[in-house]
Amino acid sequence: MSTRPYLNPNWRNAVALGHDLAAAAVSWVLGFLVRFNFDLPAEFAHTMWRDLVWLVPAQGAIFLVAGMYRGLWRYASLADLRRIILSAGFGMVALIAAVVMFRLPNVPRSVIIMYPLLLSLIMGGSRMLYRTLKEGRVLGPVFSDAKPVLVVGAEDGAERLLRELRFNREWRAVGVLDDDPRKQGRLIHGVRVLGGTDLVHEAAQDLGVSHVIFAMPSVAHTVRRKVIDRCTQAGLSVLTVPSVDELVSGKVTLSQIRQVDLDDLLGRDPVVLDNEKLQPLLGGRAVLVTGAGGSIGSELCRQIVRFQPRKLILLELSEFALYSIEQEFQHRFPDIALVCAVGDAKDAGLVAQVLREHQPQVVFHAAAYKHVPLMEEHNAWQAVRNNVLSTWTLASAAKRHGVEKFVLVSTDKAVNPTNVMGASKRLAEMVCQALQEEAGTKFVMVRFGNVLGSTGSVIPKFREQIARGGPVTVTHPEVTRYFMSIPEAAQLVLQAGAMGAGGEIFVLDMGDPVKIADLARDMIRLSGMQEDEISIVFTGLRPGEKLYEELLADEERSLPTPHPKLRIARARLVPPKTLADIHQWLMTELPVTDGEVRETLRHFIPEYISASDSPAEVARRAVAGG
């Protein structure tokens with residue numbers, strides 16, 4: 001059966017065909033009447049009726065072949081107009097051919113020319129009129145309860161948004177702001193471009209507007225930040241349209257307006273992935289992700305499935321987190337072969353069974369304890385056991401079972417660590433470095449900072465505090481952190497995994513550090529509040545925290561890579577004896593106190609300085625080269 005029928009047999013298409021045949025007849029008759037100023041001689045009247053008998057069926061056949069009835073009149077567009085013009089043109093060609101071949105008398109040349117013009121006008125005009133009536137555009141839809149809103153941007157995204165807002169019962173566009181002077185004063189779907197974004201305060205006051213819709217989803221983040229800051233400083237609530245990625249994925253439509261969030265303010269230019277390297281790494285292969293139910297692990301899985309792996313193995317300790325990601329993937333990616341394994345990455349027997357049964361060629365190790373203050377006191381040994389022993393267990397098993405590439409998800413807190421969590425991740429890096437050999441499994445480590453919205457992130461905490469009416473608690477006025485979105489972090493982890501040749505520590509370009517106090521102020525403004533309504537309280541640095549994070553340790557140097565957002569850290573080598581000592585310590589079964597954990601970490605990681613170290617001790621270790 002053909003997949004491109006000329007005519008879908010339903011009553012609407014039959015009515016449309018009947019209309020177009022009538023339009024062809026009217027155009028032919030009208031052409032004669034106009035030609036003779038509506039005083040038609042008898043011999044030409046005979047010609048008109050004679051040729052009408054064959055012209056209308058012939059024109060109908062042309063309509064069917066041209067696919068005139070595949071669309072709906074209420075969505076008539078320029079594509080439909082092109083089909084109409086082509087069909088009328090072919091009708092004129094058929095008419096000329098018949099006149100020449102059959103030497104038909106009394107067919108005026110002016111009628112032959114007027115016929116396709118009149119036919120295009122009648123068919124196109126009727127379709128546009130029908131669409132106008134169906135969409136209520138004669139007087140325009142009037143929704144008295146729709147809120148007035150300003151739209152920022154006069155590009156294609158704004159045009160599509162304004163087109164949809166005309167029939168939106170919640171929002172009514174009353175003006176457009178754009179910094180391009182060539183567009184100012186023009187109309188877009190009847191809405192005037194009032195001026196630049198610097199006029200947002202005045203325009204909002206004049207028009208009684210309390211909301212602004214930011215309609216430039218693909219603009220550079222620096223421009224986005226500047227415009228949103230202007231709007232929030234004017235006391236306006238800022239909404240935005242979905243991003244280009246969301247629109248392309250089909251998850252949302254342009255009219256699904258949402259609140260501006262921190263991704264919009266702190267977001268960076270999109271990551272460009274090297275698919276030529278990622279496809280052979282992931283496509284058609286078995287891939288294992290640990291911590292697959294966590295924020296980073298689950299996003300890694302979502303990014304990996306784009307490359308159609310042969311099998312995706314999810315290892316997760318939390319039953320609920322694993323169930324959640326399994327349900328999501330069954331709905332969104334039903335064709336992906338999914339293996340869900342509940343268990344602990346420290347469990348050597350379970351890890352060996354999973355690797356032996358499913359034989360993954362690539363492993364992404366994202367399982368970890370990440371909360372700094374929680375791991376600093378009372379849980380220091382558990383942090384080390386979970387973050388280091390799981391890495392040892394999984395990495396050594398990967399080496400034995402012939403895994404081609406092992407990617408460790410690390411953290412910027414591993415650089416000159418001041419807390420147990422960061423020191424444990426640095427120790428995990430050292431384990432992978434020491435296991436690296438010239439042949440066999442390639443171990444790759446990736447460091448990055450905080451991700452927006454991840455488990456344990458400060459962002460959800462701020463949201464809860466703002467929802468309660470404050471105050472918002474910040475540890476220190478000067479504390480700064482690096483931030484990136486979860487999708488960007490996951491994409492760059494994959495990219496580093498593809499590029500790594502073994503033994504490297506990749507450092508992600510985290511952009512500029514952000515003051516947490518400024519972040520809190522942004523969130524308060526985005527919620528529609530001001531600092532005099534929700535206060536910020538400084539509580540002091542918590543155990544293990546430092547004012548700023550680093551991405552490279554003092555002894556390390558970074559080297560560029562072909563990818564602009566990835567660099568390689570030249571870390572010091574780890575002696576084989578150190579690896580044996582680390583393993584022996586990890587296998588200790590007796591209770592280990594927090595103090596003993598810190599003392600042993602200092603031995604393995606000279607740059608580690610805990611909060612309990614005195615200035616004299618820090619200076620002594622520095623002089624000693626430790």
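**A walk through a predicted protein chain**

The protein chain holds 22 helices and 22 strands. Helices here are DSSP runs of H or I with at least four residues, strands are runs of E with at least two, and both are numbered from the N terminus. This is a predicted model, in which local features need pLDDT of at least 70 and side-chain atom pairs count only at pLDDT 80 or more, while totals for chains, interfaces and linings use all residues. Residues are numbered from 1 along each chain as its sequence is written, and side-chain values use heavy atoms, with hydrogens and water left out.

Of the 626 residues in the chain, 50% are buried. Buried means under 20% relative accessible area, exposed means over 50%, and partly exposed lies in between (1.4 Å probe, protein chains only). A contact is a case of heavy atoms within 4.5 Å. Among contacts with a separation of 6 or more, 76% join residues 24 or more positions apart.

The interior comes next. A nonpolar core is a set of buried Ala, Val, Leu, Ile, Met, Phe, Trp, Tyr and Cys residues joined through side-chain atoms within 4.5 Å. The largest such core has 54 residues, and Val384, Phe406, Leu427, Val597 and Leu601 touch the most other members. Helix H15, residues 380–400, gives the most to this core, with 11 residues. A second, separate core has 44 residues, including Phe307, Ala366, Val407 and Leu492. Leaving out residues up to four places away in sequence, Phe406 touches, among others, Val363, Leu394, Ala398, Cys432 and Phe443.

Two helices can be followed as a pair. Two packed helices are described by the angle between their axes and the distance between the axes. Helices H10 (275–282) and H18 (residues 486–499) pack at an angle of about 80°, with their axes 9 Å apart. The axes are lines fitted to C-alpha atoms, for helices over the stretch in contact, and angles run from 0 to 180 degrees between N-to-C directions. Angles under 35 degrees count as roughly parallel, over 145 as roughly antiparallel, 65 to 115 as roughly perpendicular and the rest as oblique. H10 and H18 are therefore roughly perpendicular to each other. H10 contributes Lys277, Leu278, Leu281 and Leu282 to the contact, and H18 contributes Leu494, Gln495, Gly497, Ala498 and Met499.

Arg285 lies in the loop between H10 and strand E8 (286–290). Is Arg285 buried or exposed? With a relative accessible area of 15%, Arg285 is buried. Its contacts, not counting residues up to four places away in sequence, include Pro280, Pro309, Gln361 and Glu404.

Helix H11, residues 295–304, is mostly covered, with 9 of its 10 residues buried. One of these buried residues is Cys301, at 0% relative accessibility. The structure holds 0 disulfides, a disulfide being a pair of cysteine sulfur atoms within 2.5 Å. Cys340 is partly exposed, at 33% relative accessibility.

A last stop is Val209, in the loop between helix H6 (200–207) and strand E5 (211–214). Val209 is buried, because its relative accessibility is 8%. Val209 touches Pro148, Val149, Leu150, Val174, Ala204 and Leu236, not counting residues up to four places away in sequence. The C-alpha atoms of Val209 and Ser237 are 9.7 Å apart, although 28 residues separate the two along the chain.
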